[in-house]
Amino acid sequence: MQAGQVKSDWVRAYSAANPMEAELLVGLLQQHGIGAGLRSQGLMGGIGELPLDALHTPVWVAPRDLEPAREVLKAYEAKNDGPDWTCSECGEVNDPRFDFCWQCGQAKDDNNATG
Ligand SMILES: [Zn+2]
């Protein structure tokens, strides 16, 4: 699934620590039927001058999706205190917040009944 286009009236639902987390959150929200997206930061100009928060990446949703998105993001943040887990597919050690391996996309829970 591709990240949707961010419309001009979309609102910022979350500020991810980096583009990687932002991509993960967009995927997470899309799993919940929420069309989240990222705006291109536009690596324009500023030769040799990256702002310190250049990695900070906002996640955008449609205004009507803000409430459900916040619920998903709250649950996401609540998972932040678990142990790291190792991907069964590629062996990557992942942050407890991640339901999917950031490296290869393998789901955290093998018993996850998808259907
Ligand atoms: Zn993996």
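# Chat about a predicted model

Me: Where is the place of Ala62?
Reply: This is a predicted model. In it, Ala62 sits in the loop between β2 and α2.

Me: Is Ala62 buried, partly exposed or exposed?
Reply: Partly exposed, because Ala62 has 18 C-beta neighbours inside 10 Å. A buried residue needs 20 or more.

Me: Which residues is Ala62 in contact with, leaving aside neighbours within four places in sequence?
Reply: Lys7, Trp10 and Gly35.

Me: How many residues apart in sequence are Ala62 and Trp10?
Reply: They are 52 residues apart. In space, C-alpha to C-alpha, they are 4.5 Å apart.

Me: OK, zoom out. How many helices and strands does the protein chain have?
Reply: 2 helices and 4 strands. From the N terminus, the order is β-α-β-α-β-β.

Me: What about contacts across the sequence, say residues 24 or more positions apart?
Reply: Such pairs account for 53% of the chain's contacts with a separation of 6 or more.

Me: Now the helices. At what angle do the axes of α1 and α2 cross?
Reply: Roughly 120 degrees. Helix α1 covers residues 19-31 and helix α2 covers residues 66-78. Their axes come within 10 Å.

Me: Left-handed or right-handed crossing?
Reply: α1 passes α2 in a right-handed crossing.

Me: Which residues meet there, α1 against α2?
Reply: From α1, Leu25, Leu28 and Leu29. From α2, Ala69, Val72, Leu73 and Tyr76. That contact has 7 nonpolar residues, no polar ones and no charged ones.

Me: And the largest nonpolar core, how many residues are in it?
Reply: It has 18 residues. Those touching the most other members are Ala13, Leu25, Leu29, Ala36, Val59, Val61 and Ala69.

Me: Which elements each supply at least two residues of this core?
Reply: β1 (11-16), α1, β2 (57-61) and α2. The largest share, 6 residues, comes from α1.

Me: Why might nonpolar side chains be buried together?
Reply: As a general point, they tend to be in soluble globular proteins.

Me: Pick Ala13. What is Ala13 in contact with, beyond four places in sequence?
Reply: Ala36, Val59, Trp60, Val61, Leu66, Ala69, Arg70 and Leu73.

Me: Last one. What share of the protein chain is buried?
Reply: Buried residues make up 19% of its 115 residues.

Conventions
Residues numbered from 1 in each chain as written. Predicted model: local features only at pLDDT ≥ 70, side-chain atom pairs only at ≥ 80, totals over all residues. Axes fitted to C-alpha atoms, helices over the stretch in contact; angles between N-to-C directions. Left-handed = near helix turned anticlockwise from the far one by under 90°. Contact = placed C-beta atoms within 7 Å. Nonpolar A, V, L, I, M, F, W, Y, C, P; charged D, E, K, R; others polar. Buried ≥ 20, exposed ≤ 12 C-beta atoms within 10 Å, placed from the backbone. Core = buried A, V, L, I, M, F, W, Y, C linked by C-beta atoms within 7 Å.
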